[in-house]
Amino acid sequence: MRKCLLLLVLVALAAGCTSTTQISNSGSDRTRELDPVDDWWTVDPLLGERILLYPVNRVLDVLDLVSINAGLGPDVQPNVHVTRALQLGAGGAVTGRLGMNNSRQIGFYTQKGYELSFLPLTNEYYKRGNAASWGSMVEVESKINGTSEPGRKVYREARDYWAIGGRIPLGLGSVEADVHLVEIPDLLLGFFGVDLMEDDIDVRGGTDPLE
Ligand SMILES: [Ca+2]
């Protein structure tokens, strides 16, 4: 009987040791997760960076609402659009341009094309080349004969389908300007620390909003 009791006590102790070891292991995990040195050097610098660049990124988000560029060259192509689903445009142009487009595409670039657009229906050709090595303009070429849709390559990769704006030909050149409605949620949520468009810059060189 005593041997049985002793055996039970030993089994209980062994079970207790195993349990203690598991708690100890999980405790050491907790200790590692909360390591003041590791956490300090891996988390806090990013937090400081975000706080430091918070006002800069909010200003950039505001600037993202509008884009404007000017071109030089033969240009008789007026256009006005309230998204590309509702647009009026006609004519053609071959220009060298300087300025910015949606998603912080900035630089000197070439653009040529023609169009006959009525509401969502269009027959248009559009080609853009990035003429400056320092520019961030996306090169694209597209031809649409039918309905203008946001899923088309030119709108997925280079142009803002949802913009409101237009282009005003000035004889030997033109001005293009747009208001980008899709940037409004990014601007508003940015004040609460949410970077919807993933375009907030950091001290290591920033982000490419088109990637
Ligand atoms: Ca942002």
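Helices (H or I, at least four residues) and strands (E, at least two) are DSSP runs, numbered from the N terminus. On that basis the protein chain has five helices and nine strands. The model is a predicted one, in which local features need pLDDT of at least 70, side-chain atom pairs count only at pLDDT 80 or more, and totals for chains, interfaces and linings use all residues. Residues are numbered from 1 along each chain as its sequence is written.

The confidence of the prediction deserves attention before the details. pLDDT is the predictor's confidence in each residue, from 0 to 100. Its mean over the protein chain is 83, and 75% of the residues reach 70 or more. Over residues 1–31, however, pLDDT stays under 50. For this stretch the model has zero contacts beyond four places in sequence, two residues being in contact if their C-beta atoms, placed from the backbone, lie within 7 Å. Where pLDDT is low, the predicted coordinates should not be read in detail.

Read from the N terminus, the elements follow the order α-α-α-β-β-β-β-β-β-β-α-β-β-α. When contacts between residues at least 6 apart in sequence are considered, 53% of them join residues at least 24 apart. Burial is judged by counting neighbours: a residue is buried if 20 or more other C-beta atoms lie within 10 Å of its own, exposed if 12 or fewer, and partly exposed in between, with C-beta atoms placed from the backbone. Of the 211 residues in the protein chain, 20% count as buried.

The strands may be followed through their pairings, where two strands pair if DSSP finds at least two bridges between them. Strands β4 (87–101) and β5 (105–118) run antiparallel and are joined by 14 bridges. Within this pair, Thr-95 stands opposite Gln-111 in β5.

Three residues lie between the strands in the hairpin of β4 and β5, where Ser-103 takes a positive phi near 55°. Ser-103 counts as buried because it has 22 C-beta neighbours inside 10 Å. The hairpin of β5 and β6 has two residues between its strands, and Leu-119 in the turn has a positive phi of about 55°.

Four bridges join β3 to β8 in an antiparallel arrangement, and Val-80 has Gly-166 as its bridge partner in β8. Strand β8 (residues 164–169) is in turn joined to β9 by six bridges, again antiparallel. Gly-166 is partnered there by Ala-177, and Gly-165 by Asp-178. Strand β1 (residues 66–72) also runs antiparallel to β9, with six bridges between them, and Ile-68 has Ala-177 as its bridge partner. The hairpin of β8 and β9 has four residues between its strands, including Gly-171, whose phi is positive at about 90°. Strand β9 (residues 174–179) has a covered face made up of Ser-174, Glu-176 and Asp-178, while Val-175, Ala-177 and Val-179 form the uncovered one.

Thr-83 counts as partly exposed because it has 16 C-beta neighbours inside 10 Å. Ala-85 lies in the loop between β3 and β4 and is also partly exposed, since 14 other C-beta atoms lie within 10 Å. Not counting residues up to four places away in sequence, Ala-85 touches Pro-120 and Ser-148. The C-alpha atoms of Ala-85 and Thr-147 are separated by 8.2 Å, although these residues are 62 apart along the chain.

Helix α5 (residues 183–190) has Glu-183, Asp-186 and Gly-190 as its buried residues. These residues lie on the same side of α5 because they cover an arc of only 60° around the axis, the arc being that of the directions from the helix axis to the C-beta atoms. Pro-185 and Leu-188 are exposed on the other side of the helix.
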